[in-house]
Amino acid sequence: MCGSYRHDIAGNVLFMDKANGISCNVLFGKSKNLPLDYFHGQILRNNVEVGTMEGSWLGFVDYNGCRLWDIEDSLANRFSRSMPAKDP
């Protein structure tokens, strides 16, 4: 195999917790003018929207506009833990 390789995920995925009446419908990769790894969805409890989520596989995850995870923070934390402290 030669050249570059790319794997895209596109379409809806429905996550359900029937015991607690919680569901989340997530749309992957079909948003115009946004990166192919972008996703967004609605979180429902007993069929009432209680939140929204959005993000990208390679960037961030937001819940109701609050940043839950960011690749920049994850990489910074990983490297700061692995680097030895400088001697004064």
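Residues are numbered from 1 along each chain as its sequence is written, and side-chain values use heavy atoms, with hydrogens and water left out.

The protein chain averages a pLDDT of 85, and 84% of the residues score at least 70; pLDDT is the predictor's confidence in each residue, from 0 to 100. Confidence is highest in β4, at 96, and lowest in helix α1 (residues 71-82), at a mean of 69. Helices (H or I, at least four residues) and strands (E, at least two) are DSSP runs, numbered from the N terminus. Where pLDDT is low, the predicted coordinates should not be read in detail.

The strand pairing may be taken next. Strands β1 and β2 pair in the antiparallel sense over seven bridges, where pairing requires that DSSP finds at least two bridges between two strands.

G21 is found in the loop between β1 (11-17) and β2. With a relative accessible area of 23%, G21 is partly exposed; the classes are buried under 20% relative accessible area, exposed over 50%, and partly exposed in between (1.4 Å probe, protein chains only). Leaving aside neighbours within four places in sequence, G21 is in contact (heavy atoms within 4.5 Å) with L44, R45 and N46. The C-alpha atoms of G21 and N46 are separated by 5.0 Å, although these residues are 25 apart along the chain.

A search of the whole structure finds three aromatic pairs. Rings of Phe, Tyr and Trp (its six-membered ring) pair if their centres lie within 6.5 Å; planes under 30 degrees apart count as stacked, over 60 as edge-to-face and the rest as tilted. F28 and F39 form a tilted pair, at 5.8 Å centre to centre with 45° between the planes. Because F28 lies in strand β2 (residues 22-28) and F39 in strand β3 (residues 38-45), this pair ties together parts that are eleven residues apart in sequence. Both residues are buried: F28 has a relative accessible area of 9%, and F39 one of 6%.

The rings of F28 and W57 have their centres 5.7 Å apart and their planes at 5°, so this pair is stacked. W57 lies in the loop between β4 (48-56) and β5 (60-63) and F28 in strand β2, so the pair ties together parts that are 29 residues apart in sequence. W57 counts as partly exposed, at 49% relative accessibility. F28, F39 and W57 form one aromatic cluster.

D70 is buried, with a relative accessible area of 16%. A polar contact of 3.0 Å joins its side chain to that of R67; such a contact is a pair of N or O atoms within 3.5 Å, and within protein one must be able to donate a hydrogen and the other to accept it, while residues adjacent in sequence count only if both atoms are side-chain atoms. Leaving aside neighbours within four places in sequence, D70 is in contact with G59 and F60.

Methods
Predicted model: local features only at pLDDT ≥ 70, side-chain atom pairs only at ≥ 80, totals over all residues.
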